[in-house]
Amino acid sequence: MLTDTTVWAWLGLLAMGAGTVPPLWNWATRSSASGESHARYYATLAGVTGVAALAYLAMALGLGTVATPGGDLPVARYLDWLITTPLLLLYLGLLARPSRRVLAGLIAVDVVIIAGGIAAVVTAGTRSWALFGVAAAAYVALVYGLLVTLPRSASAERDRVRAVFGTLRNITVVLWTLYPVVWVLAPTGLGLLTSSTEMLVFVYLDVVSKVGFVVVAVAGADALDGLDAGRGLDADALGNDALDADEPAASFGDD
């Protein structure tokens, strides 16, 4: 018989806590050849697993679950996703360096997906499935952005940057695609999985998609030294509407 959901939550907390150590360690100890600490990169990575650890702590303590007409809403889990998934997209953006419009578009679509999932949980019947369909359609748009739009920007970077970006992007697309499948099979959907099994699978997916992402990103931290400080989402560029005076800003669906 599967372990109680609380135990899985504690295991998730331990895994996320452990996953927070590598980026913080690199942040404190590693500098590039030019002396750059790459603080914003490591802070983004640490934020992913750090926020997830707090969410799992809340779930382990039995906090953050609200009863709704559609069933119990694990608020801590959805808040975790609402914060950490944009951070993962932000890190991919820091590597690919698209225009601010493209990155903002991807994050906005991601928020629609999470919001749609929340709305689908708190409602029931046809309305719940319709809202799930909206979230699924938004996810298709997000996958397009990850597979088509972002790589156009990443192609301008060095080989090592493109390689790390490609690996992280593939981890994200493959694993994120499994989340709606679990949602359909869990009590939120068809009810083919028990709550304990649902928690087990979500913990596993969270650990691989977040801790795995962080570990791969930290292992490929040498790619950060090859980023061109004059392009895209660098600190100076974040304050400008136009990232390159000679190139028009790309939109979410640009060719």
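Mentor: Let's start with a term: a crossing is left-handed if the near helix is turned anticlockwise from the far one by less than a right angle, and right-handed if clockwise. The model here is predicted, so local features need pLDDT of at least 70 and side-chain atom pairs count only at pLDDT 80 or more, while totals for chains, interfaces and linings use all residues. Residues are numbered from 1 along each chain as its sequence is written, and side-chain values use heavy atoms, with hydrogens and water left out.

Trainee: OK, which hand is the crossing of H4 and H5?

Mentor: H4 and H5 cross in the left-handed sense. H4 covers residues 100–122 and H5 covers residues 125–154; helices (H or I, at least four residues) and strands (E, at least two) are DSSP runs, numbered from the N terminus.

Trainee: And what angle do H4 and H5 pack at?

Mentor: About 155 degrees, with the axes of H4 and H5 8 Å apart. The axes are lines fitted to C-alpha atoms over the stretch in contact, and angles run from 0 to 180 degrees between N-to-C directions. That makes H4 and H5 roughly antiparallel to each other (over 145 degrees; under 35 is roughly parallel, 65 to 115 roughly perpendicular and the rest oblique).

Trainee: Which residues in H4 meet H5?

Mentor: Among them are Val102, Leu106, Val109, Gly116 and Gly117 in H4, and on the H5 side the list includes Ser128, Leu131, Phe132, Tyr139 and Gly145.

Trainee: Tell me about Ser128. Is Ser128 buried or exposed?

Mentor: Ser128, which is in helix H5, is buried at 4% relative accessibility. Buried means under 20% relative accessible area, exposed over 50%, and partly exposed in between, using a 1.4 Å probe and protein chains only. Setting aside neighbours within four places in sequence, Ser128 touches Ala120, Thr123 and Trp183, where contact means heavy atoms within 4.5 Å.

Trainee: Switching to charges: how many salt bridges are there?

Mentor: The count is 4, taking a side-chain nitrogen of Lys or Arg within 4 Å of a carboxyl oxygen of Asp or Glu. One of them pairs Arg77 with Glu198, with the closest N and O atoms 3.7 Å apart. Arg77 sits in helix H3 (residues 75–96) and Glu198 in helix H7 (residues 195–219), so this pair ties together parts that are 121 residues apart in sequence. Both Arg77 and Glu198 are buried.

Trainee: How far apart are N and O for Arg162 and Asp159?

Mentor: That salt bridge is 2.0 Å, N to O. Arg162 and Asp159 are 3 residues apart in helix H6 (residues 159–185), about one helical turn. Arg162 is partly exposed at 32%, whereas Asp159 is exposed at 55%.

Trainee: Last topic: how do strands S1 and S2 run?

Mentor: S1 (residues 65–68) and S2 (residues 71–74) run antiparallel, joined by 4 bridges; two strands pair if DSSP finds at least two bridges between them. A hairpin of 2 residues connects S1 to S2.

Trainee: Which S2 residue is the bridge partner of Ala67?

Mentor: Asp72 is the partner of Ala67, and Val66 stands opposite Leu73.
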